[in-house]
Number of protein chains: 4
Amino acid sequence: MADQTTKRIAVNTGGGDAPGLNAVIRAVVLAAIQRGWEVYGIEDGYAGLLRGEEGEVVALTRDRVRGITFLGGTILGTTSRGNPFEWPVLSEGEVVDRRDRSDEVVEAFHDRGFDCLVAIGGDGSLRLAQRLAEKGMPVVGVPKTIDNDVAGTDFTFGFHTAVETATEAIDKVHTTAEAHERVMVVEVMGRDAGWIALYSGVAGTADVVLIPEIPFRIEAVCEKIRERQRRGRDFAVVCVAEGARHEGREEAVTKEVPSGEVTQTRLGGIGQVVAEEIAEHTGKETRSLVLGHLQRGGTPSPYDRLIALRFGTAAVRCIAEDHIGCMVGLRDDGITHMPMEEAIQQKKYVSPDGDVVQTARELGIALGDEEV
Amino acid sequence: MADQTTKRIAVNTGGGDAPGLNAVIRAVVLAAIQRGWEVYGIEDGYAGLLRGEEGEVVALTRDRVRGITFLGGTILGTTSRGNPFEWPVLSEGEVVDRRDRSDEVVEAFHDRGFDCLVAIGGDGSLRLAQRLAEKGMPVVGVPKTIDNDVAGTDFTFGFHTAVETATEAIDKVHTTAEAHERVMVVEVMGRDAGWIALYSGVAGTADVVLIPEIPFRIEAVCEKIRERQRRGRDFAVVCVAEGARHEGREEAVTKEVPSGEVTQTRLGGIGQVVAEEIAEHTGKETRSLVLGHLQRGGTPSPYDRLIALRFGTAAVRCIAEDHIGCMVGLRDDGITHMPMEEAIQQKKYVSPDGDVVQTARELGIALGDEEV
Amino acid sequence: MADQTTKRIAVNTGGGDAPGLNAVIRAVVLAAIQRGWEVYGIEDGYAGLLRGEEGEVVALTRDRVRGITFLGGTILGTTSRGNPFEWPVLSEGEVVDRRDRSDEVVEAFHDRGFDCLVAIGGDGSLRLAQRLAEKGMPVVGVPKTIDNDVAGTDFTFGFHTAVETATEAIDKVHTTAEAHERVMVVEVMGRDAGWIALYSGVAGTADVVLIPEIPFRIEAVCEKIRERQRRGRDFAVVCVAEGARHEGREEAVTKEVPSGEVTQTRLGGIGQVVAEEIAEHTGKETRSLVLGHLQRGGTPSPYDRLIALRFGTAAVRCIAEDHIGCMVGLRDDGITHMPMEEAIQQKKYVSPDGDVVQTARELGIALGDEEV
Amino acid sequence: MADQTTKRIAVNTGGGDAPGLNAVIRAVVLAAIQRGWEVYGIEDGYAGLLRGEEGEVVALTRDRVRGITFLGGTILGTTSRGNPFEWPVLSEGEVVDRRDRSDEVVEAFHDRGFDCLVAIGGDGSLRLAQRLAEKGMPVVGVPKTIDNDVAGTDFTFGFHTAVETATEAIDKVHTTAEAHERVMVVEVMGRDAGWIALYSGVAGTADVVLIPEIPFRIEAVCEKIRERQRRGRDFAVVCVAEGARHEGREEAVTKEVPSGEVTQTRLGGIGQVVAEEIAEHTGKETRSLVLGHLQRGGTPSPYDRLIALRFGTAAVRCIAEDHIGCMVGLRDDGITHMPMEEAIQQKKYVSPDGDVVQTARELGIALGDEEV
């Protein structure tokens with residue numbers, strides 16, 4: 001149990017993988033150890049706090065976090081297991097039911113003498129953390145998602161690396177699109193928000209960028225392709241967010257199939273739909289490419305590492321300064337924090353009037369809502 | 001018309017895009033200019049030689065090839081248009097028939113006073129070049145394909161860059177596979193030969209590598225995944241060549257749909273099939289990813305640039321030394337050449353007994369033919 | 001001369017090279033053309049406006065700026081020639097005198113019917129632009145420097161790419177430092193401000209980071225190295241900004257030698273001095289490495305491309321909206337603008353109390369001002 | 001002690017760092033474990049075999065080598081300590097004498113029941129291994145050096161990664177050289193052989209490449225720079241191997257200063273000398289850059305990983321098949337082996353008549369031996 005100055009803190013990671021998770025963990029550990037605190041990692045989301053589950057609570061020492069800043073993934077096992085409020089009940093490896101084990105989690109947390117949890121997660125994980133906070137578990141949140149759609153911070157960590165991966169992909173298909181005189185459709189992540197598509201599409205000089213915030217008409221897309229053809233540019237690159245909204249054909253976007261089966265994001269995903277319609281309307285040979293999990297993995301970019309390390313130390317400062325219940329964030333390239341409750345009230349979307357969208361339009365990039 | 005020492009040579013590019021095309025072109029141009037020769041580029045495959053087609057024959061000067069070594073694509077327009085022996089007859093943009101225009105091509109070649117063609121292409125393009133050679137067009141071939149399946153050379157240019165792209169992708173999905181406790185199936189190029197899959201799968205430490213040369217049984221694949229699970233490694237990465245042969249289910253591999261429609265390599269491709277079967281047999285959440293054209297594009301790697309530049313100058317030396325009808329190649333990291341006729345007689349396949357396959361097995365990588 | 005709606009604008013680039021220059025130029029051109037304006041590039045700084053100089057004024061069309069977004073350098077020739085207020089007078093290739101030709105520049109600008117200049121430059125170039133503005137030349141500024149030390153913007157373009165290059169270098173020497181049990185000193189750019197050193201040093205997990213804003217004592221540096229040794233970590237990586245201030249040995253930093261001779265930044269540079277003193281005081285084998293111009297070159301990172309493209313279109317919007325005399329900038333990842341006069345009044349320095357410095361300290365990175 | 005089928009093998013690493021060391025180690029371990037053998041790592045060169053030294057002999061399990069394929073450095077501590085035939089005698093941390101401890105090493109090797117050593121090293125380390133072999137220690141060698149100068153193999157591992165690092169550097173300085181109208185001299189590794197300089201210089205399209213195998217005259221270098229200037233190309237990039245031989249000024253190349261002091265490779269290194277002379281003779285502003293240890297570090301390239309993994313399994317096969325005393329190698333992209341004794345008899349140099357040199361000349365790259 002902690003005395004007045006020493007603290008025992010826990011850290012966990014939740015939701016999809018994002019480059020920089022390990023950097024946050026390392027920063028939390030080093031900043032806490034420097035204060036004479038102890039840090040423990042809860043493995044596999046909250047599983048480490050539940051009796052009988054495989055995950056464990058492990059002491060995180062300086063040695064344990066050595067050299068992990070640039071490693072993808074997380075040293076805390078899987079990020080993807082379980083919502084304590086709807087914990088899966090398994091029978092012979094199959095999920096047969098779900099039940100609320102949140103009280104168990106909170107109790108185990110206190111039993112182990114933890115003073116605070118650093119919850120590293122996206123929108124969904126932070127909501128869970130907030131609900132546990134309301135049940136009496138002291139929490140500080142660290143916003144993580146490659147989608148960049150968490151309010152209360154200019155950037156989540158992982159986003160810039162995903163943009164780099166997507167931009168590199170767009171760069172690569174560019175010359176091939178030209179050499180083969182094809183239309184190439186690149187589908188990137190972003191179910192609700194178009195940050196990755198917009199940033200990588202503009203940086204990679206795509207000809208068309210389709211984002212959820214700006215519903216598109218296929219005719220506007222095709223007109224852009226035809227206009228290029230008239231100027232002798234017999235190819236095009238289209239960057240489409242997985243959540244892009246096809247006016248009048250919203251059903252086209254596939255739903256995810258639950259775990260245990262292959263997830264069919266590729267079948268009939270929006271990229272495929274857009275490619276098929278372009279081929280049909282313009283007669284151009286068209287191919288689509290789904291970047292998928294490529295965007296979640298790999299070494300975090302230097303700026304993502306820096307954001308992650310700053311978030312990690314800032315979370316520890318929040319605990320030291322008693323800003324419990326807060327989420328750390330980045331504003332104006334400086335660290336800030338705000339009540340987690342506020343941060344999770346709404347997602348952060350691309351503003352259709354913002355300067356990046358404006359930049360895209362002024363560069364001649366079609367967003368699919370143009371008059372034809 | 002060329003005098004005894006001066007020559008007029010032409011260069012064209014055919015088949016799929018490959019990183020290094022521009023490097024070859026630049027090398028041909030500089031090596032020829034140094035000898036006082038003239039070089040012309042035939043745009044769009046052979047179209048530039050046909051009356052009434054859009055492609056043209058353009059003079060390639062030192063200025064024209066400046067700074068292109070590291071650029072993907074080809075400055076000679078598209079690589080993908082047309083076999084002169086089955087030239088498309090268009091009516092309103094649709095291919096309505098095909099006819100043999102090879103004589104026209106050879107005639108135009110001579111009319112323009114060209115002494116030799118440097119034909120940069122893969123297996124298919126080199127075969128066409130050989131047939132034109134048999135009709136009296138002096139040709140020197142440069143082997144190009146990311147698939148590395150041209151006989152007569154240790155490496156084609158473009159291959160190493162494709163391996164780098166594929167390895168990077170495998171690296172990236174690795175940590176995400178682990179963080180999400182999933183099986184990730186990465187489908188790479190290689191319709192007939194498994195070079196890319198084998199080289200990137202081993203370098204990227206995939207757990208399973210499936211190549212056309214070694215037909216696989218899904219049960220052997222699943223056993224590898226289960227064996228990992230038994231050792232507490234609850235995830236796996238599978239690298240599969242697009243032409244991998246599923247014993248007893250050969251029909252699973254999709255054929256390409258011709259131009260003018262979207263090519264459906266992704267629907268029901270072998271990666272998808274493997275992913276579905278793994279999910280079904282092991283109950284593991286499984287996702288597949290098709291790298292597709294990512295592997296064709298981008299800046300050539302330093303070694304690919306070097307190979308491409310060496311091939312380009314070697315092609316010019318072949319012309320200077322009268323090795324007409326030859327294809328240049330790489331043996332023991334040195335330049336060689338052999339009759340094009342021989343080189344195209346058969347493709348170059350991965351040897352199931354070769355040391356890279358052996359290395360894979362000794363590293364514990366499953367190739368799908370293991371006894372279960 | 002422009003009518004009320006059409007404008008003729010000019011663009012130039014000044015100061016050191018920075019990744020993203022071409023992206024800004026392209027964005028200016030496309031955004032202007034979309035408005036029906038004309039854009040001209042002034043080659044070689046202001047030389048293109050001076051009679052008898054080699055530089056020219058060239059029309060920048062859509063074709064001229066195609067495909068340049070990701071290219072390093074500048075299509076407008078050199079960035080480094082000349083201050084119009086102290087223009088070099090040459091005699092036989094030698095600078096024999098300097099004279100004020102600013103009036104000539106302003107006159108030529110008006111004679112050619114230009115409405116506004118987009119001046120892309122760092123601190124020094126923007127000051128020149130401001131002085132020309134005071135002489136009646138309408139100017140909009142775009143802040144460029146890899147050093148990130150321009151006030152009025154969170155980031156200049158080029159900075160993130162330089163940080164990536166420096167971080168990659170630190171990553172690389174890390175394992176070699178360990179394998180060889182050495183101290184490696186990496187000197188990065190930053191004469192006045194330590195942004196590159198701090199960002200890359202933290203992201204690359206250097207053990208010591210020395211920046212101009214925090215004068216260092218060598219004893220504090222050596223103590224960090226000894227402390228590591230006591231923990232069995234028999235190596236260290238030191239990241240030092242070229243302008244780092246060695247308390248009591250300020251003279252150690254070399255001055256640049258003027259053009260026409262080899263610039264001796266490497267001889268007796270601060271990296272070398274620090275390396276020698278570490279070797280002397282600790283007995284550890286120590287090597288230093290000067291990254292130098294590596295940091296200025298290459299393909300801009302996706303975020304730098306995006307910033308550059310946004311700056312370029314924003315500069316055109318400034319002209320359209322009559323914010324003449326302003327510099328564009330980035331605040332909170334959104335475009336802003338402010339009077340250029342204000343922006344150049346002072347440089348932007350790393351705050352010793354800011355959160356990145358704090359993060360560095362909490363990660364155990366020595367900044368050289370620690371009590372020993 | 002091993003029975004007939006089971007073996008105990010040891011592995012160590014010697015000489016300078018090279019990307020791929022860990023991949024070799026992992027391959028040795030996995031291939032040996034698959035055979036039911038045991039593998040031990042000797043830390044810090046041979047120190048782990050000497051009583052009273054810090055290095056140890058550690059069991060290398062499957063877990064110990066997990067995930068290390070892509071890591072730079074070596075998990076076996078330092079690579080750089082000690083020649084058993086001239087082992088340093090320390091007094092208060094200073095080397096006061098050297099003595100022959102080779103018998104001790106051989107004895108300890110047998111005492112521990114090892115059947116064979118896999119010695120991973122460059123020219124020097126393999127010579128040591130050979131001498132120990134002659135004293136009765138069974139050894140198999142794996143050729144490692146970024147310099148690629150080991151005979152008996154087309155490529156050592158580490159070489160291609162070094163070439164990539166050097167080429168990337170040359171790419172980067174290219175645009176800056178142009179933007180600043182400067183001559184940039186990039187000094188790369190290669191004390192005896194010019195492989196890195198030649199491969200990266202050609203791939204990076206340097207204008208001048210200087211290698212030890214072809215002594216250069218500065219006048220030929222300057223003439224190339226002037227010739228470019230006459231064609232309006234007011235900049236140049238020179239790639240020089242650290243061991244390049246300046247005709248008539250051989251003394252210019254610095255010798256390395258022994259351990260314990262800062263090694264002054266940068267002071268008066270050949271790059272600096274060449275830069276100064278170019279500046280003096282041509283009047284061009286010239287800068288030099290020494291890549292140094294950047295070339296030794298970082299993640300091995302896919303091809304280097306593959307070579308390293310193949311070498312590692314091949315070394316185990318050599319032991320299994322009783323090819324003791326051999327060194328593994330690569331010929332024609334296939335594994336081979338030869339008596340270590342032969343391999344170390346001479347270094348592998350660039351042939352001045354080889355096709356890469358020829359390619360360089362035909363691309364217009366000056367090698368410094370041209371008639372002026």
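Predicted model: local features only at pLDDT ≥ 70, side-chain atom pairs only at ≥ 80, totals over all residues.
Residues are numbered from 1 along each chain as its sequence is written, with chains lettered from A and ligands numbered from 1 in the order in which they are written.

**Strand E2 of chain A**
- Four of the five residues of E2(A) (residues 38-42) are buried, so the strand is largely enclosed by the rest of the structure; buried means 20 or more other C-beta atoms, placed from the backbone, within 10 Å of a residue's own.
- Strands here are DSSP runs of at least two residues, and helices (H or I) of at least four, numbered from the N terminus.
- E1(A) (residues 8-13) runs parallel to E2(A), joined by four bridges; pairing takes at least two DSSP bridges.
- Between E1(A) and E2(A) the chain passes through helix H1(A) (residues 21-34) in a right-handed β-α-β crossover, i.e. clockwise from first strand over helix to second, with the strands pointing away from the viewer.
- E3(A) (residues 57-59) is antiparallel to E2(A), with three bridges.
- Gly41(A) sits opposite Val11(A) and also opposite Val58(A) in E3(A).

**Between chains**
- Pro302(A), Arg305(A), Leu306(A) and Leu309(A) of H8(A) meet Tyr199(C), Ser200(C), Val202(C) and Ala203(C) of H5(C); contact means C-beta atoms, placed from the backbone, within 7 Å.
- No contact joins chains B and C, whose closest C-alpha atoms lie 10 Å apart.
- Chains A and D don't touch either, with their nearest C-alpha atoms 10 Å apart.

Conventions. Buried ≥ 20, exposed ≤ 12 C-beta atoms within 10 Å, placed from the backbone. Contact = placed C-beta atoms within 7 Å.
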